[in-house]
Amino acid sequence: MASVLNSALSLNLSNFKSKRVRNHSFVSPVSLSLTRRRVTVRAAETDANEVKPQPPDKAPASGGAGGSSFNQLLGIKGAAQETNKWKIRLQLTKPVTWPPLVWGVVCGAAASGNFNWTLEDVAKSIVCMLMSGPFLTGYTQTLNDYYDREIDAINEPYRPIPSGAISENEVITQIWVLLLGGLGLAGLLDVWAGHDFPIVFYLALGGSLLSYIYSAPPLKLKQNGWLGNFALGASYISLPWWAGQALFGTLTPDIIVLTLLYSIAGLGIAIVNDFKSIEGDRALGLQSLPVAFGAETAKWICVGAIDVTQLSVAGYLLGAGKPFYALALVGLIIPQVVFQFQYFLKDPVKYDVKYQASAQPFLVLGLLVTALATSH
């Protein structure tokens, strides 16, 4: 299962910005997945007039037989045109963004030290994963598509909302159903766990609000490289971890600090996806880190955020008297550094997908090592 989730994480983050509109699935209340989009703008100039490229009039062809339909169900680029309303609704929720949040819930449950392989605990965890993935991450992704509908109408008019495959009123209804469904499941989990204070509900509510200000004006956090990327990192690591841990145990201040620190590594992962969009971001005034600092500096900020964060966590574990966990984490950091020099630092645009597929599984396993360490 771990290998499947690791692969999904790499696919997820590499595809978030395959659209030229920043699309970070991100902040899911308990596992929010925000999606950042950015548009790649290419302009050709004539002697007197600027000629704008014509938008595509249909979805790009898929790579193989049946690929388009598969991409459509996952909600990623290369999706087939679809008329079935339920398939379109599923596409808007981007199922490819759910697995990393599921992994976060697993880490939080492991860190609690109270998860047991009983029917009740397994059922609780499944409900928590449903809340975090299909409902609240689905809410976040649908909301993001709704607020990007005007940009999509220019750059990707074949997408569900601008193409008219689903009406705006139907999208708004879906947003509310997913949000209220997710909050309802959060409240159910609090009652099921016997919480005096509905902590899972408030985590879900806070994550939902963060999703809104990430995608919607006037704040639209995804327009800022630092805030948007950190929000993305926190949604993948902190929020689902907190939900899983609060469900089965106690969410303590040291765990909150530790996971927020780990979210800086998530910020680094998010930067990886910014390099292909430099031209479009600059044209639209989006301050991604490669735009703000230049590609050469930004790639070192990226690997520094990932490596220094994990080394800091290893140092914390060592200081907490858990040297074997610290050593295991260092052992998982080393191959990440190797792949950074082998791929990412050579050419962050050419090798971004290969780097993420090679290095990110080690980072995700490091999360589980840290979770297990904090459970003892």
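Residues are counted from 1 along each chain as its sequence is written. Since this is a predicted model, local features need pLDDT of at least 70 and side-chain atom pairs count only at pLDDT 80 or more, while totals for chains, interfaces and linings use all residues; side-chain values use heavy atoms, with hydrogens and water left out.

**View A. The largest nonpolar core has 76 residues.** Such a core is a set of buried Ala, Val, Leu, Ile, Met, Phe, Trp, Tyr and Cys residues joined through side-chain atoms within 4.5 Å; buried means under 20% relative accessible area, with a 1.4 Å probe and protein chains only. Met131, Phe344, Tyr355 and Leu367 touch the most other members.

**View B. Arginine 159 meets aspartate 145 in a salt bridge.** That term means a side-chain nitrogen of Lys or Arg within 4 Å of a carboxyl oxygen of Asp or Glu. The N to O distance here is 2.6 Å. Arginine 159 sits in the loop between helix H6 (149-155) and helix H7 (160-163) and aspartate 145 in helix H5 (residues 119-147), so the pair ties together parts 14 residues apart in sequence. Arginine 159 is buried at 9% relative accessibility, and aspartate 145 is buried at 2%.

**View C. Glutamate 296 pairs up with lysine 299 in another salt bridge.** Their closest N and O atoms are 3.3 Å apart. Both belong to helix H14 (residues 295-319), three residues apart, so about one helical turn separates them.

Key:
Buried < 20%, exposed > 50% of the residue type's maximum accessible area, 1.4 Å probe, protein only. Helix = DSSP H or I, 4+ residues; strand = E, 2+ residues; numbered from the N terminus.
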